[in-house]
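Subject: Structure handover

Hello,

Here is the structure I promised to pass on. Please open it alongside this note.

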Amino acid sequence: MDELLSTTHPRMFSLQKIVEISYYNMGRIRLQWSRIWEVIGDHFNKVGCNPNEDVAIFAVDSLRQLSMKFLEKGELANFRFQKDFLRPFEHIMKRNRSPTIRDMVVRCIAQMVNSQAANIRSGWKNIFSVFHLAASDQDESIVELAFQTTGHIVTLVFEKHFPATIDSFQDAVKCLSEFACNAAFPDTSMEAIRLIRHCAKYVSDRPQAFKEYTSDDMNVAPEDRVWVRGWFPILFELSCIINRCKLDVRTRGLTVMFEIMKTYGHTYEKHWWQDLFRIVFRIFDNMKLPEQQTEKAEWMTTTCNHALYAICDVFTQYLEVLSDVLLDDIFAQLYWCVQQDNEQLARSGTNCLENVVILNGEKFTLEIWDKTCNCTLDIFKTTIPHALLTWRPTSGETAHPPPSPVSEKPLDTISQKSVDIHDSIQPRSADNRQQAPLVSVSTMNEEVSKTKSTAKFPEQKLFAALLIKCVVQLELIQTIDNIVFFPATSKKEDAENLAAAQRDAVDFDVRVDTQDQGMYRFLTSQQLFKLLDCLLESHRFAKAFNSNNEQRTALWKAGFKGKSKPNLLKQETSSLACGLRILFRMYMDESRVSAWEEVQQRLLNVCSEALSYFLTLTSESHREAWTNLLLLFLTKVLKISDNRVSTRLRMQPCISSLTSVAGMPGHRPAARELSEADHAVPSCLCRTVFLLLSQLCPLTSDSPGHSPPEFPQH
């Protein structure tokens, strides 16, 4: 060491002699040699990090020659001499920042792999450790050479010498993960993820090798060794890639992680899945999400969204195993998603709930259905935007309406110039997955700030959160409808009801082929009532908001939802429509006779309340929004058998309301003349009312004091 201290002219005579001594003593028995190398190896650690590059190069090259000679001798099972011998390469790579020396170390290790792979045993750990350090380098040549050699080991050496490399399998996967996380080389990142996927094939094809593997530091049952040494490292490192990398790389990592689950999950034990999903759910961990708001929003919209659908796909594929293990966690995660201030993620949460139930509901037990209904109820209750009715402008703030062509009418309930809060919702794609939103949270915030420059940030945040809650409410209503009756069934039924009414054929029995594909038949009456309560609570909230013109005006002036007064028309009508469908279906269901009494009472209350509310509406556009809803109600009543109507339903109050709906004298200021100038929808609605009245009145005319009304000629 004294000879090497000179910065200008170091002498390397003794260093050369140490190399020779090492070479000639290598033939000693391993126990003696390991004691010698403790001293000499430590000397090489220091010399390899010498600031004089000539000295360091000489030391590394000497190490290379000695290592090649040492590796030629091979290594017996359960010995770790190679690991001790190659440790100086790790030390130099870790401590020496010189690109020249680091490049040389990588080249020396690559040469060993290419020429001595068959003899390497415990030394693989050192080799992967060196490449792991090289993987995070910014020098392209170092990263490229290290990755090429790692790829050679994974694809060719593992194939030929897997039992010898199994001890370092975890190190190999960790090394590949580090290459994937180097943002400077995206192509290398993608290829590294592909190689991790390739490693999964080794675990699948050679489970016996993992079962038979033993080591001093491993007290694991033989049947779990393939998980601890094989599957878990692969899936854990993929999760690290997801948590550390930029969007394109983490998306690829996420895709591969779930591909592995779907491809090889049939070999997993139940308790392995529990370990696995502890890793997966870290993706949604708030503490691990990016601090920056924009990055956090991107993370939720992309990675969390993708992961949510993938989890539901895996759950569906392995339902028998995972229903006990995972269902509670999935429901908790869906609940978490709708609580976040991210519209896309919130909508995806409801869509995933729908997908899970529709795809697996036939196999659900009564207990699972109870959990499903409770989850839906919890989401409904926590996403009702109560602040829409209670919000007030901050004191001292003067509210000026934004520039708008709208001329305010003091008593206008819902005008055509008002805007439905749900108008930004995008339709679902063919596979029922939500498309990217046109109006995101950030867009909403920009809109609010443009419209009302004096608005404070907390107010913008509140409005954005309220908008998301409105979106979730409508999505949940659609979710319940799709779960109970199957997607698109209700929409098709509405279209057929309207077509039948327009051609005066309402008595034609409209049949929907997909009706029995829904989950209605698997739900108990009490579970359906629970869903019904959710729908009616949502309906009543929307009705209260739509009727509160003063509050809607205040929100409009504060800049909520753009340039027109907000409303919740879609929520008001769709929630009631779904509720009516459930009640009428139950009332016509012979298998639910025991629940008919309660269904009848609920049906009468809901219909009476709905018709009474409709009769108070003064806005033409608000009434038109109810057209499909009333057609649904009228058509359903028409289909009830005469004896059920006359013996079980007290229809006289309904008849009075129906004559008012049609515009009969005495109930409205003037009879509503129907002519060619009338819109097609109101006309067919009135014709349907008359048809229903003509069938209902004879059924009630036998009662004392009641006689069928005479209809005017029109």
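Below are the findings, grouped by topic.

**Ground rules**

This is a predicted model, in which local features need pLDDT of at least 70, side-chain atom pairs count only at pLDDT 80 or more, and totals for chains, interfaces and linings use all residues. Residues are numbered from 1 along each chain as its sequence is written, and side-chain values use heavy atoms, with hydrogens and water left out.

**Helix packing**

Two packed helices are described by the angle between their axes and the distance between the axes. Axes here are lines fitted to C-alpha atoms, for helices over the stretch in contact, and angles run from 0 to 180 degrees between N-to-C directions. Helices (H or I, at least four residues) and strands (E, at least two) are DSSP runs, numbered from the N terminus.

Take helix α10 (residues 186-205) and α12. Their axes lie 10 Å apart, at an angle of about 165 degrees. The two helices are therefore roughly antiparallel to each other. For orientation, angles under 35 degrees count as roughly parallel, over 145 as roughly antiparallel, 65 to 115 as roughly perpendicular and the rest as oblique. The crossing of α10 past α12 is left-handed (the near helix is turned anticlockwise from the far one by less than a right angle; clockwise would be right-handed).

Which residues meet? From α10 come Ile193, Ile196, Cys199, Ala200, Val203 and Ser204. From α12 come Val226, Gly230, Trp231, Ile234, Leu238 and Ile241. Contact means heavy atoms within 4.5 Å. By class, the contact of α10 with α12 has 10 nonpolar residues, 2 polar and no charged. Ala, Val, Leu, Ile, Met, Phe, Trp, Tyr, Cys and Pro count as nonpolar, Asp, Glu, Lys and Arg as charged, and the others, Gly among them, as polar.

Now helix α18 (residues 366-383) and helix α23 (residues 525-547). Their axes come within 10 Å and cross at roughly 10 degrees. This pair is therefore roughly parallel. On the α18 side, the contact includes Leu366, Trp369, Asp370 and Phe380. On the α23 side, it includes Gln527, Lys530, Leu531 and Glu537. The contact of α18 with α23 divides into 8 nonpolar, 4 polar and 4 charged residues.

**Salt bridges**

A salt bridge is a side-chain nitrogen of Lys or Arg within 4 Å of a carboxyl oxygen of Asp or Glu. The count comes to 32 salt bridges. For accessibility, buried means under 20% relative accessible area, exposed over 50%, partly exposed in between (1.4 Å probe, protein chains only).

- Arg11 pairs with Glu3, with the closest N and O atoms 3.3 Å apart. Glu3 is partly exposed, at 24% relative accessibility.
- Asp171 pairs with Lys125, with the closest N and O atoms 2.8 Å apart. The pair links distant parts of the chain, 46 residues apart: Asp171 sits in helix α9 (residues 169-180) and Lys125 in helix α7 (residues 124-135). Asp171 is partly exposed, at 25%. Lys125 is partly exposed too, at 21%.
- Glu178 pairs with Arg244 (3.5 Å, N to O). This pair also links distant parts of the chain, 66 residues apart: Glu178 is in helix α9 and Arg244 in helix α12 (residues 222-244). Glu178 is buried, at 15% relative accessibility.

Salt bridges that share partners also join Asp481, Glu493, Asp494, Arg581 and Lys636 into one network.

**Around Asp481**

Asp481 belongs to helix α21 (residues 457-485). Buried or exposed? Asp481 is buried, with a relative accessible area of 6%. Leaving aside neighbours within four places in sequence, Asp481 contacts Phe486, Ser490, Cys578 and Arg581. The C-alpha atoms of Asp481 and Leu535 are separated by 9.9 Å, though these residues are 54 apart along the chain.

**Positive phi values**

Most residues other than glycine have a negative phi. Phe486 has a positive phi, near 85 degrees. Phe486 lies in the loop between α21 and α22 (489-502). Phe486 is partly exposed, at 23%. Ala488 has a positive phi of about 75 degrees, and its place is in the loop between α21 and α22. Ala488 is exposed, at 54%.

One glycine to note: Gly559 follows α24, and its phi is positive, near 95 degrees. Helix α24 (residues 549-557) has buried residues, among them Asn549, Arg552, Leu555 and Trp556.

Best wishes
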